[in-house]
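User: Could you take a close look at one strand in this model for me? I'd like to know how it sits among its neighbours, and then a bit about the rest.

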Amino acid sequence: MSDADSAEAEAGDADAALEIAVPADPLAGHPATAYFWGHVAGSGDVSDDRIEVVANDEESAQVLAAVAGGDVEHETTTRDYAHDTSITRTEDEYTLTIDGDESGLLGRSGALGLPVDGRGNYRFGAFSAYDRELLRGLLEGCGTICFKSKSGTVGISFVHDDRDLLAVAQELIDECPVDAAYGDLSETSSGGYWFGVDDAAAPDFGTWLYENCEETGLFAPSRRRKLERSLEQADAYDGEDE
């Protein structure tokens, strides 16, 4: 694909992302709210009068704003790599800030009634019919997709400071329709936790996670492209001579 074609595709992704169906109640069971609260759980900071959620993809940040309102700000940050603090990476960050008003925070007097309350409590029962969107939001909030050049496989992992949230992610994976085995929770060098989907299961799991996502616009285009490139690299590696 040429640079012009790529830019046109990205513009199309952005337009599609903004044309999404959104329920009147941001806590109602709906694909958009499931995706939003997955993101909040994965990369959000929730207090009684504010929600801040960070995305690495501008289109995804605008989708989150379309779901729950708020303002998006862009900055470039340099941080330690979660698995190895000796490595740093520089990346774009888009922070969505949702402030409370006279009606409270998203119509609630405080954070306690929210699916993610900033106290380590996760109440995702309302989104039980939308596990794929919830998991996609979680992965884009606190997960990684990569091509492992040494093994020629696709890597999908989840990283977070809250061990309980990762346990919730594992439960959601257990309930998904594809057979996706994963490793045990392990500590990162930065003091958090992580687990990875087994390499053999990662292609099917990643494909299912992003299947038909353009129909709702509830996804980060850059993350889907990373998955597609990783799958292509893995296929090409399988065809190489040892």
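Analyst: Let's start with the cut-off we need: a residue is called buried when its relative accessible area is under 20%. Keep in mind that this is a predicted model.

The strand to look at is E6, residues 153–160. Eight of its eight residues are buried, so E6 is largely enclosed by the rest of the structure. The two faces of the strand tell that story residue by residue. Thr 153, Gly 155, Ser 157 and Val 159 point one way, while Val 154, Ile 156, Phe 158 and His 160 point the other way, and all are buried.

So who are the strand partners of E6? One is strand E5, residues 143–148, which pairs with E6 in the antiparallel sense over six bridges. Within that pairing, Thr 153 of E6 is the bridge partner of Lys 148. E5 and E6 form a hairpin with four residues between the strands, and Gly 152 in this hairpin takes a positive phi near 70°. Another partner is strand E8, residues 193–197, again antiparallel to E6, this time over five bridges. Here His 160 stands opposite Tyr 193 of E8.

Thr 144 belongs to strand E5, and its relative accessible area is 18%, so it counts as buried. Its side chain makes a polar contact with the side chain of Ser 157, at 2.6 Å. Leaving out residues up to four places away in sequence, Thr 144 touches Gly 155, Ile 156 and Ser 157, along with Leu 139 and Arg 223. Ser 157, remember, is one of the buried E6 residues.

Cys 146 is partly exposed, with 28% relative accessible area. Cys 213, in contrast, is buried at 1%. A disulfide is a covalent bond between the sulfur atoms of two cysteines. The count of disulfides here is zero.

Most residues other than glycine have a negative phi. Leu 106 has a positive phi of about 55° and is not a glycine. You'll find Leu 106 in the loop between strand E4 (84–99) and helix H4 (131–142), and at 15% relative accessibility it counts as buried. The other spot is Asn 212, with a positive phi near 60°. Asn 212 is in the loop between helix H6 (202–210) and helix H7 (221–238). With a relative accessible area of 40%, Asn 212 is partly exposed, whereas Leu 106 is buried.

Zooming out, the protein has seven helices and eight strands. Of its 242 residues, 47% are buried. Among contacts with a separation of 6 or more, 64% link residues 24 or more positions apart. The accessible surface comes to about 12,000 Å², and carbon and sulfur atoms account for 43% of it.

Back to the strand you asked about: E6 has antiparallel pairings with E5 and with E8, and eight of its eight residues are buried.

Conventions
Residues numbered from 1 in each chain as written. Predicted model: local features only at pLDDT ≥ 70, side-chain atom pairs only at ≥ 80, totals over all residues. Heavy atoms only, no water. Buried < 20%, exposed > 50% of the residue type's maximum accessible area, 1.4 Å probe, protein only. Pairing = 2+ DSSP bridges. Disulfide = S-S within 2.5 Å. Polar contact = N/O pair within 3.5 Å; in protein donor to acceptor, adjacent residues only side chain to side chain. Contact = heavy atoms within 4.5 Å. Areas by Shrake-Rupley, 256 points an atom, 1.4 Å probe, with all protein chains shown as cover.
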